[in-house]
Amino acid sequence: MTAETLKILIIGAHPDDCDLHAGGTAALWRGHGHDVRFVSVTNGESGHHQMSGEELVTRRRNEAAASGATLEIRYDVLNNRDGYLQPTIEARFEIIALIRQYNPDLILTHRPNDYHPDHRYTSQLVCDAAYMVTVPPIVPEVPALRDNPIIAYLSDTFERPYRLAPTVAVDIEPVLDKVVAMLDCHESQFYEWLPYNMRREDEVPSDPDERLKWLKGFYLGWIDSFADRHRDLVIATYGPERGRTIRYIEAFEPCEYGAPLNEAAIKRLFPFVP
Ligand SMILES: [Zn+2]
């Protein structure tokens with residue numbers, strides 16, 4: 001039996017969302033020789049307090065490219081304006097073409113209810129592209145897929161209208177430093193804009209080594225709650241002994257507009273999950 005190379009397409013709203021929400025699982029896929037592609041649907045032009053427009057877009061494209069390089073993956077930053085995203089027919093066609101060209105085994109994206117409108121509309125665009133990717137007269141210049149891909153949602157902590165209901169939990173502790181190395185590339189975000197926006201700018205050390213340590217703490221603070229939120233699933237997946245002690249996970253909820261993420265599909269798509 002020859003091992004299959006999976007194609008995983010992660011579609012986030014901004015340059016850093018893929019890394020932050022699925023960087024650990026992406027690192028595991030890469031470690032198993034699978035193909036992963038990150039896409040930012042917007043250009044990131046509004047994610048800063050001191051710069052914007054083309055200057056910021058260029059900076060963020062470079063940051064995304066550097067982050068992608070750490071996993072040797074492609075990181076596409078589309079041209080839609082950050083903070084202006086709408087689920088238009090043009091944007092839908094762009095996503096349909098992108099999905100068809102890559103023909104992924106699995107797509108990951110935000111949930112449709114999220115604090116950021118760009119995240120919401122990215123989710124809607126992916127949901128709107130689901131199924132339509134198989135319809136030949138839609139975007140006729142890019143051949144339609146025969147099969148609808150599997151789609152799953154990235155983790156978040158929003159409670160309304162319902163809490164994330166994952167069926168896949170991935171222990172990412174072995175690759176935490178790889179995620180931090182990716183996030184470290186997004187200097188404009190993790191050392192400038194996000195600390196400023198969270199009124200934590202005074203915390204960021206100027207020394208690069210200290211800064212990296214601080215970033216790891218910041219990141220672990222962000223994913224810290226997921227394992228406990230989904231502890232039953234973690235225990236069901238990894239067994240009671242290991243399942244109780246796992247601290248850092250990424251979890252994924254099936255999107256019912258994609259092909260079913262059933263048990264066989266989970267086994268195939270997440271080969272590092274027991
Ligand atoms: Zn975002």
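1. Strands E6 and E7 (residues 249–254) run antiparallel and are joined by four bridges. Within this pair, Val 168 is placed opposite Phe 252 of E7. The model is a predicted one, and the comments here should be read accordingly.

2. The E6–E7 pair belongs to an open sheet of seven strands, whose order is E3-E2-E1-E4-E5-E7-E6. Pairing in this sheet is mixed. Its edges are formed by strand E3 (74–80) and strand E6 (168–171), each of which pairs on one side only. On average, and with direction ignored, neighbouring strands are turned by 25° against each other.

3. Strand E4 (residues 106–109) has parallel pairing on both flanks. With strand E1 (residues 7–12), E4 pairs in the parallel sense over four bridges, and Ile 10 stands opposite Leu 108 of E4. With strand E5 (residues 150–153), E4 also pairs in the parallel sense over four bridges; here Ile 107 faces Ile 151 of E5.

4. Which way do the side chains of E4 point, and are they buried or exposed? Leu 106 and Leu 108 point one way from the strand, while Ile 107 and Thr 109 point the other way. All of these residues are buried.

5. Helix H1 (residues 17–31) lies across E1, strand E2 (35–42), E4, E6 and E7, and runs at about 170° to E1. Helix H8 (residues 231–238) lies across E6 and E7, running at about 75° to E6.

6. Turning to helix packing, helix H5 (residues 176–185) packs with helix H7 (residues 208–229) at an angle of about 110°, and their axes are 10 Å apart. Angles of 65 to 115 degrees count as roughly perpendicular, and H5 and H7 are therefore roughly perpendicular to each other. Their crossing is right-handed.

7. Which residues make the contact between H5 and H7? From H5 they are Val 179, Val 180, Leu 183 and Asp 184; from H7 they are Leu 212, Leu 215, Lys 216 and Tyr 219. By class, this contact has six nonpolar residues, two charged residues and no polar ones.

Note on methods:
Residues are numbered from 1 along each chain as its sequence is written. This is a predicted model: local features need pLDDT of at least 70, side-chain atom pairs count only at pLDDT 80 or more; totals for chains, interfaces and linings use all residues. Axes are lines fitted to C-alpha atoms, for helices over the stretch in contact, and angles run from 0 to 180 degrees between N-to-C directions. Helices (H or I, at least four residues) and strands (E, at least two) are DSSP runs, numbered from the N terminus. Angles under 35 degrees count as roughly parallel, over 145 as roughly antiparallel, 65 to 115 as roughly perpendicular and the rest as oblique. A crossing is left-handed if the near helix is turned anticlockwise from the far one by less than a right angle, and right-handed if clockwise. Two residues are in contact if their C-beta atoms, placed from the backbone, lie within 7 Å. Ala, Val, Leu, Ile, Met, Phe, Trp, Tyr, Cys and Pro count as nonpolar, Asp, Glu, Lys and Arg as charged, and the others, Gly among them, as polar. A residue is buried if 20 or more other C-beta atoms lie within 10 Å of its own, exposed if 12 or fewer, and partly exposed in between; C-beta atoms are placed from the backbone. Two strands pair if DSSP finds at least two bridges between them.
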